Amino acid sequence: MTDDTGNLLFGPQPDVAGAAGYRGAPPRMGFFTDTSVCIGCKACEVACKEWNAIPEDGLELTGMSYDNTQGLGASTWRHVAFIEQRKPLGGQEPGVGHEDVDVFAAAGQLGTSPSSPDPGTTVAEVGSAPAGAPAGAISPVAPDGRTELRWLMSSDVCKHCTHAACLDVCPTGSLFRTEFGTVVVQEDICNGCGYCVPACPYGVIDQRPDDGRAWKCTLCYDRLGVGMEPACAKACPTDSIQFGPLDELRDRAAVGVARLHAAGVTDARLYGEDPGDGVGGDGAFFLLLDEPEVYGLPPDPVVTTRDMPDMWRHAVAAAASLAGLAALSFVRRPR
Amino acid sequence: MTESDVTRDGVKGARPGREAVTGEQAGRRRRRRGRGEKAMVPDAEFSSYYGKPILNKPTWKPLDIAGYLYLGGLAGASSLLAAGAQATSRPGLARTAKLGASGAISLSLAALVHDLGRPARFINMLRVFKPTSPMNLGSWLLAGYAPLTMAAAAADVTGRYRVAGATATVGAAALGPAVATYTAVLISDTAVPSWHEGYRELPFVFAGSGATAAAGLALACAPVRESGPARRMAALGAALELGSFQLMKRRMGLAAEPYGLGKPRGLLRAAEALTAGGAALAACAGRESVAGGRARLLAAGAALLSGSAALRFGVFHAGVASAEDPRYTVVPQRERLEAGERSGRSDVL
């Protein structure tokens, strides 16, 4: 495969807007969502709904967690995932409650030992909870064996892929690449064929049932045009959602991950920032604290159109064999 | 729905999907019925977000889109039969095939438009020419193909403009194989695991399935003495369809599983039995030129037509099922990542 077709259908593409035909386009803009500082307030969901005038799409209580939005869809362009795990976030000492610590005994030992009280004095199993538990190894802190827990919160959004399958397969040209390198649906063109829905490897875009057309995050194209940041990033109180030129965001994210690793949060990793991945890198990428699938993200998404030349080759071969099969059927005269 | 109990000691019997301990063991636990096929790949543990699907499942209506796939195959292969029959002077077979092709493609276009969220904007399909969109290319293909089949059928029925009709028949036969097989690219070019992973063999499955459907229509409706080519086409098409479908399922790994579970399983079993049985019945009916041959050919034709339809619906529903379960998205991708890590990730792309 040559570089030309490779860059059109998959692989790294440093100049998305240029490849889409823009001359002198502004730098590619995107989101960096740092989930380590997300507090799950859902201000992004609300701001997105309000700014983009997205209709209500069901008021259901899922019963599974604090997340009642459940996932991205035609009328949900930001979705805050909520996960509870029996793991500490980083290298904290497990056990915030000290009910079973004998403070008088501990006071009696003050000055005799530099460490915290010997667990053998208060806990039944001697040695099960060493003082100052090292990062990674989690010791049971309660008699019933419960361990520390952590809450993961992450605001999901359209990834604005470098190679966007939804855009590739759209038969009407309704989905297009903007000068900012983002992917947007033109709702006056969309005829509701629904092809983009199963094409998206992330399950982002969807069809609005009563309306018939496909909808997804526009990265607030209207706001970008006048130099404003998208509504969700504007509303985010912790700067978990950061908006800016993608190159700048990538630098910032690399620093952030290094800092978390140094702090003992060894789970921290970037998702979607690699231009060499199956979709050529995402325009909206993430700092996650666990495997992507835990957040409902595909671990290794690949743009389906990567295989398109091969698909057509096989279809042509199949068409030829159908023609050959028909010709063969007529070879002999009827009996 | 839920089988869990809240007791003083906590929740008993809660299903894993409801427990917010993601990363431990999640994912929907499937219960197979005793009769079900054994999984080809051992159950792999995987994480998911409360068992929720990663992909948004296709919004296509099964009757419209599976029907569209089926009718496109029927029409495309019928055009080949029509041209062959025209060239070998079998007027009865030619007329059946021409009418079949134009009728099927009209119905399939109607199904396609009916499935649109905004049917009035159908013509937007032809607003651009976009090689990366199989649906766009398919629309252009149908825009050329459908009028040709209608011209061929009209000239045959009215008996006028014979030269133009013959030319249209040849033109339709040239585009027919593409109409029958492009639909495989249409559904393979998605992130739906059970469609995408089969992209190498699915065009051949659809080619064979189109051939059996067209042969079935010809056997059922054309004169018995002209049915020779249709009988041979039924046998060849059935062999191509069933053979490449088995090959596809063997090659696609975990994504083959939805083809053997639930509704798709029943449909595909029926498709196999009807297609193989119909082709065999057609071959036998041809050998004995006895009375009752007509009835046998009719039964064979009906079996082939419904077998081909069952295949398309089975493939459609299997794809939707694979999009609804995060397992089929996560597990193969996770395996690919791990394999890539082992070999330095160079061969993944």
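This is a short tour of chains A and B in a predicted model, with something to select at each stop.

**Stop 1: the contact between the chains.** Begin by showing chains A and B in two colours. The contact draws 77 residues from chain B and 63 residues from chain A. On the side of chain B that touches chain A, pick out α1 (62–87), α3 (134–158), α4 (162–188), α6 (202–221), α7 (228–251) and α10 (326–342), each of which supplies at least two residues. Which helix gives the most to this side of chain B? Select α4(B), which contributes eight residues.

**Stop 2: the annotated spans of chain B.** Next, select residues 65–85, 137–156, 163–184 and 204–224 of chain B, where an unreviewed UniProt entry places the feature "transmembrane region". Zoom in on residues 65–85 of chain B: this span is 100% helix and 0% strand, with its end C-alpha atoms 30 Å apart. Then move to residues 204–224 of chain B, which are 86% helix and 0% strand, with 29 Å between the end C-alpha atoms.

**Stop 3: the largest nonpolar core.** This core holds 192 residues, and those touching the most other members are A:Cys166, A:Cys196, B:Leu81 and B:Ala214.

**Last stop: A:Cys196.** Centre the view on A:Cys196 and display its neighbours. Leaving aside residues up to four places away in sequence, A:Cys196 touches A:Cys166, A:Val169, A:Cys170, A:Leu175, A:Ile205 and A:Ala214.

Methods:
Residues numbered from 1 in each chain as written. Chains lettered and ligands numbered in written order. Predicted model: local features only at pLDDT ≥ 70, side-chain atom pairs only at ≥ 80, totals over all residues. Contact = placed C-beta atoms within 7 Å. Helix = DSSP H or I, 4+ residues; strand = E, 2+ residues; numbered from the N terminus. UniProt positions renumbered as here; feature names shortened; annotations may be inferred. Core = buried A, V, L, I, M, F, W, Y, C linked by C-beta atoms within 7 Å. Buried ≥ 20, exposed ≤ 12 C-beta atoms within 10 Å, placed from the backbone.
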